[in-house]
Amino acid sequence: MSTSDAASAAAGATPARTPFDLPDVSGLVVGVLGGTGPQGRGLAYRLAKAGQRVVVGSRSAERAAAAAAELGHGVEGADNASTAARADVVIVAVPWEGHGELLAALRAELAGKIVVDCVNPLGFDKQGAYALKPEEGSAAQQAAALLPESRVTAAFHHLSAVLLEDREVEEIDIDVLVLGEDRAATDTVQALADRIPGMRGVFAGRLRNAHQVESLVANLISVNRRYKAHAGLRITDV
Ligand SMILES: NC(=O)c1ccc[n+]([C@@H]2O[C@H](COP(=O)([O-])OP(=O)(O)OC[C@H]3O[C@@H](n4cnc5c(N)ncnc54)[C@H](OP(=O)(O)O)[C@@H]3O)[C@@H](O)[C@H]2O)c1
């Protein structure tokens, strides 16, 4: 305990929290919408392997059950609505094209939940990947607009699903930028990222700045193509 913490504890005040004090999230259930795709499967695998209870969702309960069986580590499968209803924290891992429609349909199930949007609205042409410009500003802001009763955050955009799914890879060397309006929610998502070996959650601002984070994936795809890599990011001096 630092001198100032000791002084405030002695005075009966709550010790000052630092950005590195994160909650214990080990008891939370994580749901993954679109958990049958590479990104959803990869996150489900890593979190479940770290001891988290995970439910993968799908538009088809059968596809979800099949994906869960392949993932192992206690992962369960359900349709997207049941996944949302059962989870405390819900990761959205569907393509941008289906994002708005799916979230609008799950508004009731997602009420009160922490929603983690990892969707990157990108276009692809002969020159490679480029960032789309969602009307609401970003995928995360679209989620927040559609889910006013949820605690919407944005994270996990820069991960390579190939690395996440590769069972030979023990550690994922990356910082996960976490954005949101609700500090307790972003702390929870940072703590979830921290459970995965090699990964670290870093608070990176409010949702109005999610567009750059989502768009940066177009740059990472260019890096990956040029260097035949699975590039990630590290934030220095934090
Ligand atoms: N792949 C990566 O490396 C990576 C990295 C970071 C972030 N992301 C983001 O994560 C999201 C998922 O990526 P992915 O590569 O896993 O995508 P994906 O395989 O194309 O889609 C994931 C799952 O979403 C469901 N889905 C497909 N179309 C849908 C629609 N119109 N409405 C509702 N659900 C639909 C499908 O599951 P069911 O058919 O079983 O419902 C599919 O298995 C994307 O938004 C991407 O930008 C991906």
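Which residues of helix α5 (residues 96-105) are buried? They are Trp96, His99, Gly100, Leu102 and Leu103, where buried means under 20% relative accessible area, exposed over 50% and partly exposed in between (1.4 Å probe, protein chains only). This is a predicted model, so local features need pLDDT of at least 70 and side-chain atom pairs count only at pLDDT 80 or more, while totals for chains, interfaces and linings use all residues. Residues are numbered from 1 along each chain as its sequence is written, and side-chain values use heavy atoms, with hydrogens and water left out. Helices (H or I, at least four residues) and strands (E, at least two) are DSSP runs, numbered from the N terminus.

**The sheet**
- Eight strands make up an open sheet with mixed pairing, and the order is β3-β2-β1-β4-β5-β8-β9-β10; two strands pair if DSSP finds at least two bridges between them.
- From one strand to the next, the twist averages 25 degrees; axes are lines fitted to C-alpha atoms, for helices over the stretch in contact, and angles run from 0 to 180 degrees between N-to-C directions.
- Strand β8 (residues 151-154) and β9 run antiparallel, joined by two bridges, and Ala154 has Leu179 of β9 as its bridge partner.
- On the other hand, β9 and β10 run parallel and share five bridges; Asp175 is partnered by Arg200 in β10.

**Strand β9, inside and out**
- Seven of the seven residues of β9 are buried, so the strand is largely enclosed by the rest of the structure.
- Ile174, Val176, Val178 and Gly180 point one way from β9, Asp175, Leu177 and Leu179 point the other way, and all are buried.
- As background, side chains in a regular strand alternate between the two faces of the sheet.

- Helix α7 (residues 139-146) lies across β5 and β8, and runs at about 175 degrees to β8.
- Back to α5: the cover over its buried residues includes β1, α4 (80-86), β4, α6 (107-110), β5 and α7.

**Nonpolar cores**
- The largest nonpolar core has 36 residues, and those with the most contacts inside it are Ile91, Phe156, Leu159, Val176 and Met199. A core here is a set of buried Ala, Val, Leu, Ile, Met, Phe, Trp, Tyr and Cys residues joined through side-chain atoms within 4.5 Å.
- Elements giving two or more residues to this core include β1 (29-33), α2 (38-49), β2 (53-58), α3 (61-71), β9 (174-180) and α9 (183-194).
- Another core lies apart from it, with 28 residues, among them Ala87, Val94, Leu106 and Leu110.
- Leaving aside neighbours within four places in sequence, Phe156 is in contact with Gln39, Leu43, Ile91, Val116, Cys118, Val176, Leu177, Val189, Ala193 and Met199.

- Asp187 is in helix α9 and counts as buried, at 8% relative accessibility.
- Beyond its neighbours within four places in sequence, Asp187 is in contact with Arg17, Asp21, Leu22 and Pro23.
- The C-alpha atoms of Asp187 and Gly201 are separated by 8.5 Å, and the two residues are 14 apart along the chain.
- Ala78, in strand β3, is also buried at 8% relative accessibility.
- With neighbours within four places set aside, the contacts of Ala78 are Val55, Val56, Gly57, Ser58, Ala61, Ala64, Thr83 and Arg86.

**Backbone and ring details**
- His73, in the loop between α3 and β3, has a positive phi of about 50 degrees although it is not a glycine; its relative accessible area of 43% makes His73 partly exposed.
- Lys228 lies in the segment after α10 (210-227), has a positive phi near 50 degrees and counts as exposed at 75% relative accessibility.
- The charged end of Arg183 sits over the ring of Phe203, 4.4 Å from its centre; the rule asks for NZ of Lys or CZ of Arg within 6 Å of the ring centre and within 35 degrees of the ring normal.

Technical notes:
Contact = heavy atoms within 4.5 Å.
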